[in-house]
Amino acid sequence: MSIPAVDFGGFSLSEGEISDRELHKLSRELQTAFTEVGFVFLHNTGITQEEVRPAHIQISCASAQHKMPHMCSFSPTTPTTLNPSAPDLKEAFNAASLQPDIKWPPSDAVPGFQEIQTNFFLRCKELSLRVLRVMAHSLGLDPEVFLSAHQFIGTDVNGTTLRSLYYPPVNSEKAKEGQLRCGEHSDYGSITLLFQNSKGLQVRRRSGEFITAPSIPGAVLVNIADLMQRWTSDQFVSVLHRVLLPPPGDSSTRQSLAFFVQPDDEAMISCCDGSNKYPPISAGDYLTDRFSESYGQS
Ligand SMILES: O=C(O)CCC(=O)C(=O)O
Ligand SMILES: [Fe+2]
């Protein structure tokens, strides 16, 4: 089975409310995707390719300015590789919340960067809230249960991050054993929205085999992350994924935008089915633990 595709047009950002009929339909479709695969392509979300393209182009410009302190090949706030001797072949710019202390590239270096990234962040936030609402419905829960834990996206009491990723050309002769563009990992928070401009992403199936995700212009790839799996008592699955190196001789670059949605730091996450499969934990504590496990720091 490949990654399912769902038409989100009934709850697109250009629509006001969703009809009951559409809500039921979307709920069923998302539930199937998130219980069986953990990933889904959403079509007609209201975020268009015209919005995604400038953000993609910019990250390659920012990277071309090279060795700007803001572009880091190792992004300390995110899961990367568990293989330190063969680090991921990528560069990333993280806009964690929209606080004034983000070190944006100087506006003469990459004109419009801050504005475009900020607008894109806000669009992703709106879409994420809609997806979270449908997810609650699909589990038969109070529609507010996830939303009320995501009230502060874009502020310093919520860790939601827009990460712009640039994967430079790869010289496969120089690549180390086991080195990838992005090593196998699962994401940590609630859900992730992903916008990619080319192939390379692979997603692990339950059977253990990896399937290649196509790059579909205009579609948003949404996946369940680890804290959401815990929150749903493992009903929704957070699965391993990775980005492969291009084939030898292929010197193309790759860009992607990942919007990592996290609950508010203070939100208490307890199993939504009322079970005690996992003890309640604040999202802030959970995420701090996960990041320090990966990076050996607090
Ligand atoms: O670049 C991609 O397509 C995936 C990146 C990713 O999975 C991540 O940064 O967590
Ligand atoms: Fe990821």
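Author: Let us begin with one pairing in this predicted model: strand S6 and strand S9 (residues 220-224) pair in the antiparallel sense, with four bridges between them.

Reader: Which residue of S9 stands opposite Leu-194?
Author: Leu-194 has Leu-221 of S9 opposite it.

Reader: How many bridges join S6 to S11?
Author: Six bridges join S6 to S11, and these strands run antiparallel. In that pairing, Leu-193 has Phe-259 of S11 as its bridge partner.

Reader: How many of the residues of S6 are buried?
Author: Six of its six residues are buried, so S6 counts as mostly covered.

Reader: Which residues are on each side of S6?
Author: Ile-191, Leu-193 and Phe-195 are on one side, while Thr-192, Leu-194 and Gln-196 are on the other; all are buried, and both faces are covered. In a regular strand, side chains alternate between the two faces of the sheet.

Reader: Turning to the ligand, which residues are around ligand 1?
Author: The residues around ligand 1 are Leu-165, Cys-182, Asp-187, Leu-194, Gln-196, Leu-201, His-241, Val-243, Ser-256 and Ala-258. By class, this shell has six nonpolar, three polar and one charged residues.

Reader: Which strands each supply at least two residues of that shell?
Author: They are S6 (191-196), S10 (241-243) and S11 (254-261). Leu-194 and Gln-196, on one side of S6, are both among the residues around the ligand.

Reader: Leu-165 is also in that list. What about its strand, S4: how many residues are buried there?
Author: S4 (residues 161-167) is mostly covered, with seven of its seven residues buried.

Reader: What are the bridge counts for S4 with S3 and with S11?
Author: Strand S3 (residues 91-96) pairs with S4 in the antiparallel sense over six bridges, with Asn-94 opposite Arg-163. Seven bridges join S4 to S11, again antiparallel, and the bridge partner of Tyr-167 in S11 is Arg-254.

Reader: Let me step back. How many helices and strands does the protein chain have?
Author: The protein chain has six helices and 13 strands. Of its 298 residues, 40% are buried. Among contacts with a separation of 6 or more, 76% are between residues 24 or more positions apart.

Reader: Which residues touch the most other members of the largest nonpolar core?
Author: Those are Val-40 and Val-220, in a core of 66 residues. Helix H3 (residues 113-138) gives the largest share of this core, eight residues.

Reader: What is Val-40 in contact with, beyond its neighbours within four places in sequence?
Author: Val-40 is then in contact with Ile-3, Pro-4, Val-6, Leu-30, Ala-33, Phe-34 and Val-222.

Reader: Which residues does the UniProt domain annotation cover?
Author: The UniProt record, an unreviewed entry, annotates residues 158-263 as "domain: Fe2OG dioxygenase". Over that range the chain is 6% helix and 38% strand, and the end C-alpha atoms are 6 Å apart.

Reader: I also want to check the backbone. What is phi of Asn-44?
Author: Phi of Asn-44 is near 55 degrees, a positive value in a residue other than glycine. Most residues other than glycine have a negative phi. Asn-44 is in the loop between strand S2 (39-43) and helix H2 (49-64). Asn-44 counts as partly exposed because 19 other C-beta atoms lie within 10 Å, while burial would need 20 or more.

Reader: And where does Asp-234 lie?
Author: Asp-234 lies in the loop between helix H5 (226-231) and S10. Its phi is positive too, about 70 degrees, although Asp-234 is not a glycine. Asp-234 is partly exposed because it has 15 C-beta neighbours inside 10 Å.

Reader: Last one: why does Asp-289 count as partly exposed?
Author: Asp-289 counts as partly exposed because it has 13 C-beta neighbours inside 10 Å; the exposed class would require 12 or fewer. Asp-289 is found in helix H6 (residues 283-295).

Terms used: Residues are numbered from 1 along each chain as its sequence is written. Chains are lettered from A and ligands numbered from 1 in the order in which they are written. This is a predicted model: local features need pLDDT of at least 70, side-chain atom pairs count only at pLDDT 80 or more; totals for chains, interfaces and linings use all residues. A residue is near a molecule or strand if its C-beta atom, placed from the backbone, lies within 6 Å of it. Ala, Val, Leu, Ile, Met, Phe, Trp, Tyr, Cys and Pro count as nonpolar, Asp, Glu, Lys and Arg as charged, and the others, Gly among them, as polar. Two residues are in contact if their C-beta atoms, placed from the backbone, lie within 7 Å. Two strands pair if DSSP finds at least two bridges between them. A nonpolar core is a set of buried Ala, Val, Leu, Ile, Met, Phe, Trp, Tyr and Cys residues joined through C-beta atoms within 7 Å. UniProt positions are given in the numbering used here, feature names are shortened, and annotations may be inferred rather than shown by experiment.
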